[in-house]
Amino acid sequence: MLGHALLLALREIRRNLMRSALTMLGIVIGVASVIVMVNLGSGATAQVGEQIASLGSNLLMVRTGQHLGFGQRSEAEPFKLEDAEAVGREVGGIAAVAPGSSQPMTAIFGNRNWSTTVTGSDNHYFPVSNWTLTKGREFSASELRAGAAVCILGEGVRQELFGNQDPVGETLRLNKLSCQVIGLLGAKGQSAGGRDQDDLVVIPLRTFWRRVAGNQDVQMIYVSAREGASTSKVQHDIELLMRERRRIAANEDDDFNVRDMKEIAEALTGTTKVLTTLLGAVAGVSLLVGGIGIMNIMLVSVTERTREIGIRLAIGALEREVLLQFLVEAVVLSSFGGLLGILLAVGTTYGLSALMGMPPILDAGIMLLAFLFSAAVGVIFGFFPARKAARQDPIEALRYE
Amino acid sequence: MNAQPAAEPVPLITLRGVTKVYGQGQASMHALRGIDLVIQPGAFVAMMGPSGSGKSTCMNILGCLDTPTDGSYRFEGVEVGALSRNQRALLRRHYLGFVFQGFNLLARTSALENVELPLIYRGMPLAQRHARARSALAAVGLSGWESHSPAELSGGQQQRVAIARAIVTEPAVLLADEPTGNLDTARSLEIMELLTRFNTEQDITIVMVTHEAEMAAYARQVVHFLDGLVDGGQSQGAE
């Protein structure tokens, strides 16, 4: 009986191709939008995860002052080099520690100049912040000790100043400081916040003190926890150590803070996941609207086809056969619409991902779910019109003009 | 339940005191006021009468599309009034064929698909279904027109397709409601010849509503309707 209902339903769909196509359109768009939203959301989550990983795994950043909200920070005594050394010496579970101070400066090479951030640090800075050298070398021990005028460039600065030229060995100016390029860092791309991470120049910390800052402050201590160590334990230990070194009384608040990048990563991916769910739910509403569209068309079609239903009933079709035929029509329309929606979604996901520079991720689960939901929409919204068709009085139906 | 004297064969159709009332109380309308009618297997019956005389109502009851308000309708001895909606649909599927004044073919559907429709509901496999539908179309003289849709056929041809659809199941009774009402005289006569042939060659009982005496002349039994009553049904030959 189902086979015959399918045959009759397919004939009806073929008889009214245009109407069938328009009916399907609602479902196609509904299914496609749900899938695209979830796929893009998964892509965004994956991208955030990658970007966080590019900052450095298990990275903790220790800064002076407390976050006051709206980008303001409380004033506090800066760290000294001894603070960074103490962290490396006294806190367990640490892989590496790097002191760092930064300042925005203008880098000049030939007739080009570029505003960038100059960071003074040592060789630990690279593994801690997950940088790799693609060219040249790190700072030598004597350069670090003597505060030599050497620098290592980020890929962004290289592109702006050197174009296709090899920068290693060249000399550029940072404000008034002439320094020789000894190395080049691999590209990391944009950060989760949209900042170009490759826009930086690294010089030895002593060079920064003497030639740039004019003091011996350490603005930030970069700490990477050892693989497998608990970052929250490390964070707590650093806090205890710093309170002691900075002589903060038990009833006073910290005048520094330790940021765990893993925590931030989790918060960010959590946010994108919530957003994905939200967008998926909004798109789900459009799928529901598509279902109502099907019901609407099916109801109109039942009225329009009253006479045909009368003929079928007169010929000896059972009530349940007519019901099944109309139900199958609705389900075929909605599930075929669902299939088209999946195809459309795959294309759109690839297109939009490329446009937004995100990895295209196809979530098989949501595609299956959206398809099953579209078929269910057919059953639910097809049932009412189908029952209306099946319950027609054959005599009235045959007389219907 | 149908204790018939052994000598007399069971009539195909027996109506006893059939009434049909539409509406209730003041607004009620008596379409049939007590009809007695016997139709034997193989008969060719014409039902005549002015409009509103009850012949269409009677036709609907005979076609199991409607049920009598009172009285008894037995089809091959089975009381139709006691059947459920589904059982009546099955009775139509297996024993009855319908031809209507307005042809009532499915639009945008080929002649072959129209004719095979009742066979689909009977659950017949594809090959057999197509063969039967083709031979039914051949029987009404429409070989070669299988793939044409109703819009591509003349009125006479459409009615032939409708007849093919009615006889493809080899029904016991073919019920024709003014089958020639929409056709010119030449086409009408062709249709009547066709019905007569199915009646005599395939022994299909035919009950036809008409108001044209010329068409009624093809029948062997004429029933006159007037104000919801019949005049008994005199025979135009052997009954």
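This is a short tour of a predicted model, stop by stop, with what to select and what is there.

Residues are numbered from 1 along each chain as its sequence is written, while chains are lettered from A and ligands numbered from 1 in the order in which they are written. Because the model is predicted, local features need pLDDT of at least 70 and side-chain atom pairs count only at pLDDT 80 or more, whereas totals for chains, interfaces and linings use all residues.

**Stop 1: two helices of chain A**

Select residues 17-55 of chain A, helix α2, and residues 261-304 of chain A, helix α9. Helices here are DSSP runs (H or I, at least four residues) and strands are DSSP runs too (E, at least two), numbered from the N terminus. The axes of α2(A) and α9(A) are 8 Å apart, and the packing angle is about 180°. α2(A) is therefore roughly antiparallel to α9(A). Axes are lines fitted to C-alpha atoms, for helices over the stretch in contact, and angles run from 0 to 180 degrees between N-to-C directions. Angles under 35 degrees count as roughly parallel, over 145 as roughly antiparallel, 65 to 115 as roughly perpendicular and the rest as oblique. In the contact of α2(A) with α9(A) there are 20 nonpolar, 16 polar and two charged residues. For these classes, Ala, Val, Leu, Ile, Met, Phe, Trp, Tyr, Cys and Pro count as nonpolar, Asp, Glu, Lys and Arg as charged, and the others, Gly among them, as polar.

**Stop 2: strand β1 of chain A**

Next select residues 59-64 of chain A, strand β1. Strands pair if DSSP finds at least two bridges between them. β1(A) pairs in the antiparallel sense with β11(A), residues 220-225, over five bridges. In this pairing Leu59(A) is opposite Ser224(A). β1(A) is also joined by five bridges to β12(A), residues 256-260, and these two strands run antiparallel. Here Arg63(A) stands opposite Asn257(A).

**Stop 3**

Go to Leu153(A), in strand β7 (residues 150-153) of chain A. Is Leu153(A) buried or exposed? Leu153(A) is buried, with 30 other C-beta atoms within 10 Å. The cut-offs are these: a residue is buried if 20 or more other C-beta atoms lie within 10 Å of its own, exposed if 12 or fewer, and partly exposed in between, with C-beta atoms placed from the backbone. Not counting residues up to four places away in sequence, Leu153(A) touches Arg158(A), Pro167(A), Val181(A), Leu184(A), Leu185(A) and Val201(A). Contact means that the C-beta atoms of two residues, placed from the backbone, lie within 7 Å.

Then pick Asn130(A), in the loop between α4 (125-128) and β6 (133-136) of chain A. Asn130(A) is not a glycine, yet its phi is positive, about 65°. Asn130(A) counts as partly exposed, with 18 C-beta neighbours inside 10 Å.

**Stop 4: where chain A meets chain B**

Show both chains. On chain A, 19 residues are in contact with 21 residues of chain B. The elements giving two or more residues to this side of chain A are α1 (2-15), α10 (306-315), α11 (319-356) and α13 (394-399). α10(A) gives the most, with six residues. By class, this side of chain A has eleven nonpolar, two polar and six charged residues.

Select Ala317(A), in the loop between α10 and α11 of chain A. Ala317(A) counts as buried, with 26 C-beta neighbours inside 10 Å. Leaving aside neighbours within four places in sequence, Ala317(A) is in contact with Arg312(A), Val322(A), Ala89(B) and Tyr121(B).

**Stop 5: helix α3 of chain B**

Tyr121(B) is among the buried residues of α3(B), so select residues 111-121 of chain B. Eleven of the eleven residues of this helix are buried, so α3(B) is largely enclosed by the rest of the structure. The cover includes α1, α10 and α11 of chain A, together with α2 (85-95), α4 (126-139) and α5 (155-167) of chain B. Just after α3(B), Gly123(B) has a positive phi of about 80°.

**Stop 6: a sheet and a loop in chain B**

Finally, look at an open sheet of four strands in chain B, in the order β2-β1-β4-β5, with antiparallel pairing. β2 (29-39) and β5 (78-79) stand at the edges with a single partner strand each, so one side of each has no neighbour in the sheet. β1(B), residues 13-22, and β4(B), residues 70-75, pair over five bridges. Arg16(B) stands opposite Ser72(B) in β4(B).

Asp203(B) has a positive phi of about 60° although it is not a glycine, and Asp203(B) is exposed, with 11 other C-beta atoms within 10 Å.
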